[in-house]
Amino acid sequence: MTAPLSFSDYLDLVPKVELHLHIAGAIRATTLVELAAKNGVRLPRPAETLYQWQDFYGFLEVLRLGALSLRHPADFARAAYECVEDLHRHGNVRHAEIFFNPHYFTPNGATYPEIADGLIEGLARGEREFGVSSRLIACIDRSVCLPSEALQMLEWMAAHPREAVIGIGLDGAERVGPPLAWLEAWRRAGRAGLFRTAHVCEDNQALFEGPPEHVTHCRDALGCDRLDHGYNMLADPGLVARMAREQVPFTMACWSSIPPNRAPRRERIRRMHEAGLLLVLGTDDPTMFHTTMGHGWRSVFAGNGWGPAEARRLSLAGVTASWLPADRKAALAAEFTARLDALDAALDPADRAIDLAVERPLPRLG
Ligand code: ADE
Ligand code: ZN
């Protein structure tokens with residue numbers, strides 16, 4: 001007989017879908033330093049201290065600066081492949097939908113098809129080696145892009161259609177680019193058959209900068225299929241109830257905030273979960289915030305006192321909220337359910353201790 005499964009191993013082995021990850025925030029620091037040296041880009045600090053900042057805006061600056069180190073298709077392929085490897089090894093992610101911001105990379109001469117094709121090549125290698133499927137979401141950082149650049153991105157996408165690129169997203173600081181500024185691009189994307197999402201009501205924005213009505217604008221005007229973050233929405237219980245009724249998916253990450261905000265954000269995630277919202281836990285910017293999918297899950301479960309029932313709900317919510325076609329979703333849901341049943345049967349019922357190590361070897365079941 002094999003030993004029962006510890007709760008930490010159980011949480012790492014729960015099958016997951018990653019729907020909130022920015023490739024620019026998921027590059028290993030050592031890789032970034034190597035690519036910067038190869039491409040003649042000067043980074044402000046060495047690898048060990050590169051991923052450090054004081055606040056959200058400092059983080060965004062490092063994110064954009066680091067991204068300038070990637071120039072050639074092989075650079076994008078490496079970043080994407082290593083990202084998939086990390087998702088697999090540190091949290092058993094089975095499917096990922098990954099943001100990439102073309103405008104972060106074009107200033108150094110990379111073109112949209114070079115960026116997209118490089119990423120696609122790396123993701124395909126990741127799927128072959130680790131069995132993780134993936135898609136891409138082209139994203140606009142509203143802190144540095146104008147609405148006209150969102151239209152430009154749609155033109156690039158139309159000129160170079162790729163099956164793997166299935167939607168658009170909006171990130172950066174909400175206070176400089178409220179949702180309605182992006183109406184035309186989001187409507188055009190809808191007409192082009194693209195899925196749509198947007199970062200909204202992130203709790204690094206004051207309530208007046210990222211107010212609950214932005215959720216309504218994203219959903220009703222921009223036609224978003226799902227939303228990213230959403231914490232400030234808790235200020236409007238009626239809206240929370242509506243989003244729960246409509247089962248609009250919210251993707252969120254507990255660790256991708258400055259340390260003093262992590263416990264408050266985890267508490268907001270708990271309240272949103274208890275309100276019946278369809279939540280999917282992601283990593284956002286895992287290498288930049290020194291986290292992994294497994295670590296993110298374990299820290300939320302430890303802080304919120306959650307158990308296997310919550311794990312099952314969150315795991316399957318990832319499948320529901322994904323932008324896969326119905327047949328792929330059904331197959332993935334069946335795979336997840338079988339796996340969750342096996343994990344439940346193997347779990348040590350007496351163990352609820354949680355190891356908060358960032359990286360743990362992926363355990364084996366049985
Ligand atoms: N870009 C990368 N991570 C982000 C976040 N959490 N919020 C806004 N923009 C981002
Ligand atoms: Zn994000």
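This is a predicted model: local features need pLDDT of at least 70, side-chain atom pairs count only at pLDDT 80 or more; totals for chains, interfaces and linings use all residues.
**Figure 1. Helices at the largest pocket.** Two helices, helix 3 (47–50) and helix 5 (73–89), each supply at least two residues of the lining of the largest pocket.

**Figure 2. Volume and lining of the largest pocket.** The largest pocket has a volume of about 290 Å³. Its lining is made up of 20 residues, and those closest to the centre are D86, P286, T287, T291 and E359. Sorted by class, the lining of the largest pocket holds 10 nonpolar, six polar and four charged residues.

**Figure 3. The second largest pocket.** About 210 Å³ of space lies in the second largest pocket. Two elements give two or more residues to the lining of this pocket: helix 8 (147–159) and helix 9 (183–191). Helix 8 gives the most, with four residues. In total 13 residues line the second largest pocket, and L154, M157, A158, A192 and L194 lie nearest its centre. By class, the lining has nine nonpolar residues, one polar residue and three charged residues.

**Figure 4. The largest cavity.** The whole structure was searched for cavities, and four of 30 Å³ or more were found. The largest cavity has a volume of about 100 Å³. A total of 15 residues line the largest cavity, with H22, F56, F59, L60 and D285 nearest its centre. Helix 4 gives the most to this lining, with four residues. The lining of the largest cavity has six nonpolar, five polar and four charged residues. Ligand 1 sits in this cavity.

**Figure 5. The shell around ligand 1.** The residues that surround ligand 1 are H22, F56, F59, L60, L63, D171, G172, H199, E202, H229, D284 and D285. The largest share of this shell, four residues, comes from helix 4 (residues 56–67). The shell divides into four nonpolar, four polar and four charged residues.

Figure 6. In the side chain of D285, an N or O atom is 2.7 Å from a nitrogen atom of ligand 1. For D284, an N or O atom of the side chain is 2.8 Å from a nitrogen atom of ligand 1. A polar side-chain atom of H22 lies 3.4 Å from a nitrogen atom of the ligand. Taken alone, ligand 1 exposes 260 Å², and the protein buries 99% of that.

**Figure 7. The second largest cavity.** The second largest cavity holds about 60 Å³ of space. Its lining consists of M252, A253, C254, W255, S256, L281, G282, T283, T291, G296, W297 and V300. Helix 13 (residues 293–304) provides the largest share of this lining, three residues. By class, seven residues of the lining are nonpolar, five are polar and none is charged. T291, one of the residues lining this cavity, is also among the residues closest to the centre of the largest pocket.

Terms used: Residues are numbered from 1 along each chain as its sequence is written. Chains are lettered from A and ligands numbered from 1 in the order in which they are written. Side-chain values use heavy atoms; hydrogens and water are left out. A residue is near a molecule or strand if one of its heavy atoms lies within 4 Å of it. A polar contact is a pair of N or O atoms within 3.5 Å; within protein, one must be able to donate a hydrogen and the other to accept it, and residues adjacent in sequence count only if both atoms are side-chain atoms. Accessible areas come from the Shrake-Rupley method with a 1.4 Å probe; for residues, only the protein chains shown count as cover. On a 1 Å grid over the protein atoms alone, a cavity is a set of points where a 1.4 Å probe fits but cannot get out, and a pocket is an open set with protein on both sides within 12 Å along at least five of seven lines; lining residues have an atom within 4 Å of a point. A molecule sits in a cavity or pocket if more than half of its atoms lie within 2 Å of its grid points. Ala, Val, Leu, Ile, Met, Phe, Trp, Tyr, Cys and Pro count as nonpolar, Asp, Glu, Lys and Arg as charged, and the others, Gly among them, as polar. Grid points are joined across faces, edges and corners, and a volume is the space filled by probe spheres set on the points.
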